[in-house]
Amino acid sequence: MSNEFTRLQNSPREVARWQKAQQQLMAKRFAPALPGYRDIVKRFAGVAQLWFELGIAAMGELEFDEADQAFRRAMDLSAQDAQMLILLAQQYQRLRRLDQVRLCFERAAQADTTSALAQTNLALWHEKDRQLDQAWEVIQTCLAAHPADAFAQYVKALLLHRKGLNTEAENLARDLIQRDPPDANVRISSRHLLAEILDDAGQYAEALQ
């Protein structure tokens with residue numbers, strides 16, 4: 001925890017102003033939230049969360065350059081915070097700043113080598129860039145530490161499909177579907193992947209189902 005964050009927490013007046021800006025942000029009242037965030041980051045420039053929220057407010061008002069600058073500042077302050085870096089990557093995806101998305105995922109995986117979420121997202125990003133060997137290495141490392149992680153297993157199945165190993169990919173996708181993981185995105189993605197595999201094999205009826 002930075003000294004500036006501690007100083008902010010110890011100031012009831014500043015905390016109240018921050019909470020007001022957060023309430024406006026959550027209500028998607030971006031225009032009134034922006035001045036509050038712009039003001040508070042001047043006094044607490046070392047607090048990554050403030051810059052992150054400022055970026056969201058700026059993006060809501062279509063101030064994309066300001067949002068980018070705020071997210072870059074948050075990234076610089078979050079070198080060891082994998083969770084924040086993943087959140088920043090998600091915001092950069094909304095901005096379509098794909099170079100920054102990759103950088104955030106890379107830094108998140110470096111910041112916390114035990115984070116399955118950081119590693120799986122990085123592997124997916126390598127897959128999108130058709131860097132299958134790098135993606136495979138990352139996901140194998142992830143599964144060695146988190147063998148039961150459903151998201152990581154889905155990514156492995158996807159990579160097996162991309163490599164043309166459809167029997168292995170199909171078996172893993174079916175296993176995931178049968179397990180019915182709690183993550184809705186994994187459930188939907190696994191079914192979509194199985195449909196693609198079956199379609200490639202000419203099993204159109206089951207693929208449609």
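**Entry 1. Burial and overall form**

I began with a definition: a residue is buried under 20% relative accessible area, exposed over 50%, and partly exposed in between, with a 1.4 Å probe and protein chains only. By that rule, 44% of the 209 residues of the protein chain count as buried.

I noted that the model is predicted, so that local features need pLDDT of at least 70 and side-chain atom pairs count only at pLDDT 80 or more, while totals for chains, interfaces and linings use all residues. Residues are numbered from 1 along each chain as its sequence is written, and side-chain values use heavy atoms, with hydrogens and water left out.

I looked up the secondary structure next, where helices (H or I, at least four residues) and strands (E, at least two) are DSSP runs numbered from the N terminus. The protein chain holds 13 helices and zero strands. Its C-alpha atoms fill a box of roughly 65 × 30 × 30 Å along the principal axes.

I then checked the contacts, a contact being heavy atoms within 4.5 Å. Among contacts in the protein chain with a separation of 6 or more, 51% join residues 24 or more positions apart.

**Entry 2. Helix 5 against helix 6**

How do helix 5 and helix 6 pack, and at what angle? I found an angle of about 160° between helix 5 (residues 64–76) and helix 6 (residues 82–95), with their axes 10 Å apart. The axes are lines fitted to C-alpha atoms, for helices over the stretch in contact, and angles run from 0 to 180 degrees between N-to-C directions. The two helices are therefore roughly antiparallel to each other; angles under 35 degrees count as roughly parallel, over 145 as roughly antiparallel, 65 to 115 as roughly perpendicular and the rest as oblique.

I recorded a left-handed crossing of helix 5 past helix 6, meaning that the near helix is turned anticlockwise from the far one by less than a right angle. On the helix 5 side the contact includes Phe-64, Phe-71 and Met-75, and these residues of helix 5 meet a set in helix 6 that includes Leu-85, Leu-88 and Tyr-92. By class, the residues of this contact divide into nine nonpolar, one polar and two charged. Here Ala, Val, Leu, Ile, Met, Phe, Trp, Tyr, Cys and Pro count as nonpolar, Asp, Glu, Lys and Arg as charged, and the others, Gly among them, as polar.

**Entry 3. Helix 10 against helix 12**

I turned to a second pair, helix 10 (residues 150–162) and helix 12 (residues 184–200), which pack at about 20° with axes 10 Å apart. Helix 10 and helix 12 are therefore roughly parallel to each other. Helix 10 also passes helix 12 in a left-handed crossing. The contact is made by residues including Phe-151, Tyr-154 and His-161 of helix 10 and Val-186, Leu-193 and Ile-197 of helix 12. I noted eight nonpolar, three polar and three charged residues in this contact.

**Entry 4. Salt bridges**

How many salt bridges does a search of the whole structure find? The search finds 15, each a side-chain nitrogen of Lys or Arg within 4 Å of a carboxyl oxygen of Asp or Glu.

I looked up Arg-17 and Asp-39, whose side chains meet in a salt bridge at 2.5 Å, N to O. Arg-17 lies in helix 2 (residues 12–26) and Asp-39 in helix 3 (residues 30–43), so the pair ties together parts 22 residues apart in sequence. Arg-17 is partly exposed at 33%, and Asp-39 is partly exposed at 23%. Both belong to a network of salt bridges that links Arg-13, Glu-14, Arg-17, Asp-39 and Arg-43.

I next took Arg-97 and Asp-65, whose closest N and O atoms are 3.9 Å apart. Arg-97 lies in the loop between helix 6 and helix 7 (98–111) and Asp-65 in helix 5, so the bridge ties together parts 32 residues apart in sequence. Is Asp-65 buried or exposed? Asp-65 counts as exposed at 56% relative accessibility, whereas Arg-97 is partly exposed at 24%.

**Entry 5. Two loop residues**

Lys-28 has a positive phi of about 60° although it is not a glycine; Lys-28 lies in the loop between helix 2 and helix 3 and is exposed at 64%. Leu-62, likewise not a glycine, has a positive phi of about 65°. I placed Leu-62 in the loop between helix 4 (48–60) and helix 5, where Leu-62 is exposed at 61%.
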